[in-house]
Each structure stands twice: as structure tokens, then as C-alpha cells.
Amino acid sequence: MPKYMLIMRGTDETNAAMMASIDEAMAATGRFIEEMIKADVLLAAEGLDDPGRGVVVDFGGEAPVVTDGPYGETRELFGGYFLLDVATKQEAVEWARRFPAVRGSKIEVRRVAEADEVPQAAESDGRV
């Protein structure tokens with residue numbers, strides 16, 4: 001079966017709203033995770049640390065430039081993900097629709113490419 005990633009996307013406002021009722025949000029997310037475990041579709045789930053503790057490596061110039069967070073102009077931040085093993089994109093979308101999200105946040109649904117879909121050129125130069 002294909003794998004799909006549900007990528008949690010939030011803003012400063014949606015993150016603040018979630019933190020205002022963090023106990024309730026964590027309980028609802030825990031129930032959602034339990035539903036996915038019972039349905040045998042959850043492969044992994046992780047939350048990401050505060051963006052202020054991260055860095056960006058920018059390859060826009062001749063040499064990579066490392067910039068410490070936070071990133072003042074970022075409108076959306078990835079907050080975490082769920083990795084699902086489901087039969088179709090529509091099934092992944094249905095799981096995403098059930099997530100107890102804060103109003104204004106988003107979930108991006110993306111299929112994970114299989115190993116045989118990786119271009120052969122990447123294999124030959126050691127990037128795989």
C-alpha cells in the first residue's frame with residue numbers, strides 16, 4: 001500500500017490558539033492517534049520543536065549559508081507529521097479531515113515516493 005504523509009502546517013496565530021488550550025488539544029490529538037492505531041494505518045507521528053531552536057541552510061549562493069531561527073517572514077511553519085499506510089489518497093484525506101485541528105491551521109497530504117520512483121541518476125551519484 002502507498003504511504004501518505006499528513007504534514008501539520010500552522011501560523012503564529014494558530015500555534016498561539018493551540019497553546020491557549022494545550023491540554024484539550026493534546027487529549028484530542030491522543031484520541032485521534034488511538035483511532036489511527038486501531039485502524040492499523042499509523043506508521044509514525046512526530047511533532048517538531050520550536051522553530052526558534054532550528055536553523056535554515058540556504059543553498060541560494062555559492063556557499064551554503066546557515067541562519068538561526070526564528071524566521072521573521074515565515075507565514076506557515078511545519079509543526080509535525082503523521083505517516084500513514086493507506087490504500088488511496090482519498091483515504092489519507094479522510095484521516096486528515098478528522099484531525100482535531102485549530103481553526104486556521106492546515107494539513108498538507110503528500111504521497112511518499114517509493115524507492116523504485118527515485119531517478120536512477122540520484123542512485124549513481126550517491127544521493128540515495
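In what order do the strands of the open sheet sit? The order is β2-β5-β1-β6, four strands with antiparallel pairing.

These views come from a predicted model, where local features need pLDDT of at least 70, side-chain atom pairs count only at pLDDT 80 or more, and totals for chains, interfaces and linings use all residues. Residues are numbered from 1 along each chain as its sequence is written, and side-chain values use heavy atoms, with hydrogens and water left out.

**View 1. The open sheet, β2-β5-β1-β6.** At the edges lie β2 (42–47) and β6 (106–111), each pairing on one side only. From one strand to the next, the twist averages 20°. Strands here are DSSP runs (E, at least two residues), as helices are (H or I, at least four), numbered from the N terminus; two strands pair if DSSP finds at least two bridges between them.

**View 2. β2 alongside β5 (residues 77–85).** Five bridges hold this antiparallel pair. Look for Ala-44, whose bridge partner in β5 is Leu-83.

**View 3. Helices packed on the sheet.** Helix α2 (residues 22–38) touches β2 and β5, and its direction makes about 25° with that of β5. Helix α3 (residues 89–98) touches β1 (3–10), β5 and β6, at about 35° to the direction of β1. Contact means heavy atoms within 4.5 Å; axes are lines fitted to C-alpha atoms, for helices over the stretch in contact, and angles run from 0 to 180 degrees between N-to-C directions.

**View 4. The β3–β4 hairpin.** Six residues sit between the two strands. β3 (residues 55–58) and β4 (residues 65–68) run antiparallel, joined by four bridges. Val-57 has Val-66 in β4 as its bridge partner.
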